[in-house]
Amino acid sequence: MVSSKTRNKLIHQVICFYFLAILLHPTTSSDLFHVGLKKRRLELDDIRASRVIRKLKHSQRLTNYPSFATLGGDSSNQDQVILKNYLDAQYYGVIGIGTPSQEFEVIFDTGSSNLWVPSSKCYLSLACYLHPKYKSTKSKTYIKNGKTCTITYGSGSISGFFSEDNVKVGDLVVKNQEFIEATREGSLTFLLAKFDGLLGLGFQEISVGNAVPVWYNMVDQGLVRDKVFSFWLNRDTEAEVGGEIVFGGVDPAHFKGKHTYVPVTRKGYWQFNMGDIFVGSNSTGFCEQGCDAIMDSGTSLLAGPTTVIAQINHAIGAEGIVSAECKDVVSQYGEMIWNLLVKRVLPRQVCKELGLCVFGQETGIKTVVDKERSSVLCEVCEMAVVWVQTKLKVNETKEKVFEYVNQLCESLPSPAGESIIDCNNIKNMPSVTFTIGGNPFSLSPQQYILKTGVGNAEMCISGFSAFDLPPPTGPLWIIGDVFMGAYHTVFDSDNLQIGIAEAT
């Protein structure tokens, strides 16, 4: 018979072995899963490359995806990936494809849904020779698919074909993942890019070829327990770790306070509704009735309609290209715009009343140049209406209003989309505040200004970039890394909501 003392000793040993086994057990689906991000030095060309990538993702019109409401819920168990940060311009991390694993540095992109990397069969694109290429013959787990695809953007496209293989993200291995082997890449974009490909974290509704996204397969294969992933982007450009993605939940070390949650309003992008935008304490008036926005980790800057971006960049002292068309409209039609608004004609009707936005009622023959100029005059008129209306609300005099409008004409962003700032004025610039979920989320000048170059070559660039996405998808705000660097962001695909809290 075992003595009481011996029994207690055995129980103690069993408990010790139990906890030791837990400590030594490999990572499972019930653990946090961290994926790190890396960073590199920012150059002006990288911002321009990012702009082309943005066109790649957002130029196609999404007319068929449905609207969704939010549900309640929380998250707990997770896994993480370390990220790199290209001096606040590009955040990217390492993944592996195939067995044995072939490594690629990819943008983890919530604004698209496909995974693609250069293919060993990419022969005619110079960009492919500057990046590692996937070799299917070297992988034991490769499955042939062969379905061809093209992703169209701005002035070019990416072409390739689908394949299937295992994809390693951090310590997780997603089996039989469908991805694109790119055989032709737009030379401008990918010659400039410091990353090899993109890993989309958007919804399947915008996936080219209806391919199942990596995140969906992580969930379906039981690699994570909760349908939540979160981003922390480190804006300290000297830090070794550029940031982290946590798959399966959130890391409390990356934020403070509570998250403000807003529902996903359209399942495709991570799209939500945003309220008014303030420069200092002054409303821009553009989003008082709400604006559509998407949270996009694959966009470096914060992009929005030219109308309001010109207002913001003017207020912070950014310089763009003088628009002759803008001043022409103000000179010829400014008085009439003023009178119609004073008479309380609906702002959206003003430019139609002036005959500048009547494309559906045109008669006779017009050349392509005529039609293009008509479109430009309409856009400029609609911008001028917003600017005048904003000042009328605060009872400004007509003289001051048109002085302000002409200044905005001079502050229109350059054709490339970016606007330049005097680096010496950063400390005197106002904060810019976005209203999300009824709460204010402010960006300081230090957070929304990006620096490129060193010494005499140093340049400061406004984090606000003009991007006019046409209906039915647009107008649309693209909330990129300028915002996500200041605020920890949670993507909850189970409850279809986005959470935002101050980053640590």
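## Overall make-up

The chain has eleven helices and 27 strands. Both are DSSP runs, numbered from the N terminus: helices are H or I with at least four residues, strands E with at least two. This is a predicted model, in which local features need pLDDT of at least 70, side-chain atom pairs count only at pLDDT 80 or more, and totals for chains, interfaces and linings use all residues. Residues are numbered from 1 along each chain as its sequence is written, and side-chain values use heavy atoms, with hydrogens and water left out.

Of the 504 residues in the chain, 54% are buried, meaning under 20% relative accessible area (1.4 Å probe, protein chains only).

## Nonpolar cores

A nonpolar core is a set of buried Ala, Val, Leu, Ile, Met, Phe, Trp, Tyr and Cys residues joined through side-chain atoms within 4.5 Å. The largest one has 74 residues. Phe108, Phe247 and Trp477 have the most contacts inside it. Helix α4 (residues 214-220) gives the most to this core: four residues. The core lies between domain 1 (33-52 + 79-233) and domain 2 (252-305 + 418-503), because both give residues to it. The domain bounds come from an automatic or database domain assignment.

## Around Asp492

Asp492 lies in strand β26 (residues 487-492). Asp492 is buried yet has no salt bridge, which would need a side-chain nitrogen of Lys or Arg within 4 Å of a carboxyl oxygen of Asp or Glu. The nearest side chain of opposite charge, Lys227, is 8.6 Å away. A polar atom of the Asp492 side chain lies 3.1 Å from the backbone nitrogen of Asp494.

How values were computed: Buried means under 20% relative accessible area, exposed over 50%, partly exposed in between (1.4 Å probe, protein chains only). Lys and Arg count as positive and Asp and Glu as negative; His and the chain ends are not counted. A polar contact is a pair of N or O atoms within 3.5 Å; within protein, one must be able to donate a hydrogen and the other to accept it, and residues adjacent in sequence count only if both atoms are side-chain atoms.
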